[in-house]
Amino acid sequence: MAIFDVELRELRERVLKLGIMVENAIRDSVKALVERDSTLAREVIRRDHLVNAQDVAIDLECIRLLALRQPMGSDLRFITTTMKITTDLERMGDLAVNIAERALELNEEPQLKPFVNIPKMAEITQAMVKDTLDAFVAGCSRLPYEVIKKDDEVDDLTVKNFEELLGLMLQDPKIIPLAIKRTYIAKYLERIADHATNIAEMVIYMCKGKMIRHTTIEE
Amino acid sequence: MVDDRHIFEIKDFSIYYGDFMAVKNINLNIETNKITAIIGPSGCGKSTLLRALNRMNDLILYSRVEGQALFQGFDIYDKETDVIELRRRVGMVFQKPNPFPSSVYENVAYGPKIRGIKKKSQLDEIVENALVRADLWKEVKDKLNESGMSLSGGQMQRLCIARSLAQQPEVLLFDEPTSALDPISTAHIENLLQELQKTVTIVIVTHNMQQAARISVYTAFMYLGELVEFGDTDSIFVNPQNKLTEEYITGRFG
């Protein structure tokens, strides 16, 4: 195998590793919230520097490959896509940290009501992240298109969650500080889903050479 | 029918050396006043195709063509074609700089003199103009009587370009013009070609894919005598449609 092929394979593996770290961060932050586990929340916050370091390392490797290997065609699309999607993954990691921070705050207070919408949103969002990474590794398939469609479900749940909490806040203004934190968390998950959508769009670019961002999607 | 946009229209065009078919049934239009690059592995027929455009292959015994290659609507291989005039209008610059063993001035004035221009002032003007267009004037204006062979490699190549430009060509064909030059001289020639394309159509054969990517507007990829893919240079290097092109530009060929 040519050196460049080995380098590309290693780069792909690094992106996957970063992806798994981010998937874990999202999963654990939501678990820390739902199960009121502050130790786990702190663990998510502590691990974020590893995500940041991996993001930087991948960027530097991409720049090195662009300079030294002068990639063309599918190699060029793979490396440029990698640079863009690691930025999205790193932002997802930050949002997981935000969820963990809100979890720490909420865990100090009595529980408002059991979580219903947020675990549902988390489940869909995590599946989106996993599917985008699978699509990135496996290459061209229908997966990225499915991910883009799922984003609407998360958006709907964000609205539903907000409306429910708004109703509660109107009934009892004392709960406003807690309820607002819950709306934040839903917003964080909604943003994570948006980043997953960005990645899916870039994976489609990588496969087909066609930029579909900011356009109406057609297969 | 003359197509205004394309200076060359190549239709079902094949070139044979004896029984060997070096270029196979090519259809390709070359746009006027743009740089078109032809890339492909050694032996793919790209130089043969380039040399057909001003009938350089006539010099090779047993070479013959089939199909049509039109230059401004006229069949290059028509019996009536004035080959000398064709080569004036379609000049060629080769891989290795090949100035005549005479002065810088004489190298550039040679063509116009052959065409019958005798007046010194007129020749002076043509020589200066050609050297300015080849971006060589500043470097040689004080040594016009020195030998062309005394210049550096990059300067010699620009002298050859000036020699072609003195003939007022409409097209310049380049066969690996920078493969013998260092990166600075190469960049100099590449900048020059980008400037020249405003007034001259350029077709360049190159093994250096980065060079094709840097300077050309269109790129043709040839393999085993066939034109595999032709398109905007951006598309060819970012998102080629043909698997062979993809393999070639990513260095995974064969």
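Me: In which helix of chain B is Ala52(B) found?
Reply: This is a predicted model. Chain B has a helix spanning residues 46-52, and Ala52(B) is part of that run. The helix is α1 of chain B.

Me: Is Ala52(B) buried or exposed?
Reply: A residue needs 20 or more other C-beta atoms within 10 Å to count as buried. Ala52(B) has 26. Ala52(B) is therefore buried.

Me: Which residues is Ala52(B) in contact with, leaving aside its neighbours within four places in sequence?
Reply: Contact here requires C-beta atoms within 7 Å. With the sequence neighbours set aside, the partners of Ala52(B) are Ile15(B), Asn57(B), Val65(B) and Ala69(B).

Me: How far apart in space are Ala52(B) and Arg64(B)?
Reply: In sequence, 12 residues separate Ala52(B) and Arg64(B). From C-alpha to C-alpha, the distance is 9.8 Å.

Me: Which helices of chain B each supply at least two residues of the side that touches chain A?
Reply: The contact takes eight residues from chain A and nine from chain B. At least two residues of the chain B side come from each of three elements: α8 (209-215), α9 (233-238) and α10 (243-249).

Me: How do the residues on the chain B side of that contact divide?
Reply: Chain B brings nine residues to the contact. They divide into one charged, three polar and five nonpolar.

Me: What span does helix α1 of chain A reach from its first C-alpha to its last?
Reply: α1(A) runs over residues 3-34, which is 32 residues. At 1.5 Å a residue, 46 Å is expected. The model comes close to that, at 47 Å.

Me: What covers the buried residues of α1(A)?
Reply: The buried residues of α1(A) include Leu8(A), Val15(A), Asp28(A) and Leu33(A). Their cover includes four helices of chain A: α2 (38-69), α3 (73-107), α4 (117-138) and α6 (176-208).

Me: Are α1(A) and α3(A) roughly parallel or roughly antiparallel?
Reply: Their axes lie 9 Å apart, at an angle of about 20°. Angles under 35 degrees count as roughly parallel. α1(A) and α3(A) are therefore roughly parallel.

Me: How do the residues of the contact of α1(A) with α3(A) divide?
Reply: α1(A) passes α3(A) in a left-handed crossing. Among the residues that meet there are Leu18(A) and Val22(A) from α1(A), and Leu89(A) and Met92(A) from α3(A). The contact divides into one charged, five polar and 18 nonpolar.

Me: Which residue with a positive phi follows α1(A)?
Reply: The phi is near 55°. The residue is Arg36(A).

Definitions and conventions:
Residues numbered from 1 in each chain as written. Chains lettered and ligands numbered in written order. Predicted model: local features only at pLDDT ≥ 70, side-chain atom pairs only at ≥ 80, totals over all residues. Expected span 1.5 Å × (residues − 1). Buried ≥ 20, exposed ≤ 12 C-beta atoms within 10 Å, placed from the backbone. Contact = placed C-beta atoms within 7 Å. Nonpolar A, V, L, I, M, F, W, Y, C, P; charged D, E, K, R; others polar. Axes fitted to C-alpha atoms, helices over the stretch in contact; angles between N-to-C directions. Parallel < 35°, antiparallel > 145°, perpendicular 65-115°, else oblique. Left-handed = near helix turned anticlockwise from the far one by under 90°.
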